[in-house]
Amino acid sequence: MAVPEQPPGPGADGPVDDAFADEGERSAAALDADEAAASGAAAEPGGTSGPPGPPPAPSQGGEGWYDEAAGPVVRPYALTGGRTQYDGHDLDMVALIETADEPEDPGHVHGLHRGGREAALDPEHEMILSLCRTPLSVVEIASDLELPLGVVRVLLGDLLDRSLVRVRRPAPVAQFPGERVLKEVIDGIRAL
Amino acid sequence: MESVRSDPSPQGDSALTVKILVAGGFGVGKTTLVSAVSEIRPLRTEEALTERSIGIDDTSAVAGKTTTTVAMDFGRITLPNGLVLFVFGTPGQDRFWFMWDELAKGALGAVVLVDTRRLADCFPSVDYFERRGLPFIIGVNQFDGSGLHTADQVRDALDLSPDIPVISCDVRDRESAKQVLITLVEHIMRSMVRRDPGALTR
């Protein structure tokens, strides 16, 4: 397998993906060494032909990915029971989330819509419902809750499953903004 | 379903959020630019680098895994008619390109800030947006004592297409920062017309 020997850069996600795709059997051991893998295939170009080596020292290959600037090493998905993604909704980071209209009974028991599997909502779910009474973007929710985007997406998925929130996706015009939209943006910025 | 709101929130199907990116090397003034135009104190959000982020779809071992985070600063500008403009500073570290793809998805365009004393710092950003076909402009941030290079010199050094605006700015100054964004959006409009002459009639 040819792994480009270059530092992560534009498109570096490609080599990383390839590295994993070609090593389907790498699982447990590789996951232990995922720091090495995540730092870019360049950090461990020979990882395919032998057992995964130890994560490279930060000095190898120019940079480690877990230096001080990377922030603390955390386990953010404990909140979601280890779930890292939510199937069914591809939530754009600037999609607006809005709490669905409250049921009459404030003591409404959430979570019975899926076979009663879910227990009551977690505090984080409740915080999202509270925040999104005024529509708020996914990134703003994440910022307010001080949780990673991915974690917030999972939590939002839970709420979407239960129809407790609605998504207002960024309009498709975001990709093909019309003149009117762009002029509004310009006028709006001018008026700041 | 619409209820009365006390703030200028997007309403109905016209609800629209748009995104502009601010890229450039470390310490070039990305967050300062975001701050200058944002109606709120710039917010910070984080994304955790997980196997999802790098394209792996195996959640079985996540609970026991460690990861790291990448921080993004962003500001918000609520425009008339419910439009909400988000201005995102891109993560500075090269290893976080995975985040750029998500940021760039659906973005209108980008400002690449340049400090002429460290011109090379902006190369990866310029390369990225060129490859992605995302409209961008160059903002030459004028640091004290850095005003030694003209826009044309920067354009030459970056080997930019002649249609890409290169403007001097001081991102600490709100008016200057606004002009940078306006220049970008005007460039986006021109880019659309070039690509598809009928684009603006939609």
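Author: Start with chain A. Take its contacts (C-beta atoms, placed from the backbone, within 7 Å) at a separation of 6 or more: 63% join residues 24 or more positions apart. This is a predicted model: local features need pLDDT of at least 70, side-chain atom pairs need 80 or more, and totals for chains, interfaces and linings use all residues. Residues count from 1 along each chain as its sequence is written, while chains are lettered from A and ligands numbered from 1 in the order written.

Chain A averages a pLDDT (the predictor's confidence in each residue, from 0 to 100) of 65, and 43% of its residues score at least 70. Residues 104–108 of chain A fall below 50, and this stretch has one contact beyond near neighbours in sequence. Residues 110–118 of chain A are also below 50, with twelve such contacts. Where pLDDT is low, coordinates should not be read in detail.

Chain A has seven helices and three strands. These are DSSP runs, at least four residues of H or I for helices and at least two of E for strands, numbered from the N terminus. Chain B has five helices and seven strands. Of the 192 residues of chain A, 36% are buried; of the 202 in chain B, 48% are. Buried means 20 or more other C-beta atoms, placed from the backbone, within 10 Å of the residue's own.

Now the close look: where does H7(A) meet H5(B)?

H7(A) brings A:Glu179, A:Leu182, A:Val185, A:Ile186, A:Ile189 and A:Arg190 to the contact. H5(B) answers with B:Lys178, B:Leu181, B:Ile182, B:Val185, B:Glu186, B:Ile188 and B:Met189. Together they divide into nine nonpolar, no polar and four charged residues. Nonpolar covers Ala, Val, Leu, Ile, Met, Phe, Trp, Tyr, Cys and Pro; charged covers Asp, Glu, Lys and Arg; the others, Gly among them, are polar.

Notes:
Buried ≥ 20, exposed ≤ 12 C-beta atoms within 10 Å, placed from the backbone. Contact = placed C-beta atoms within 7 Å.
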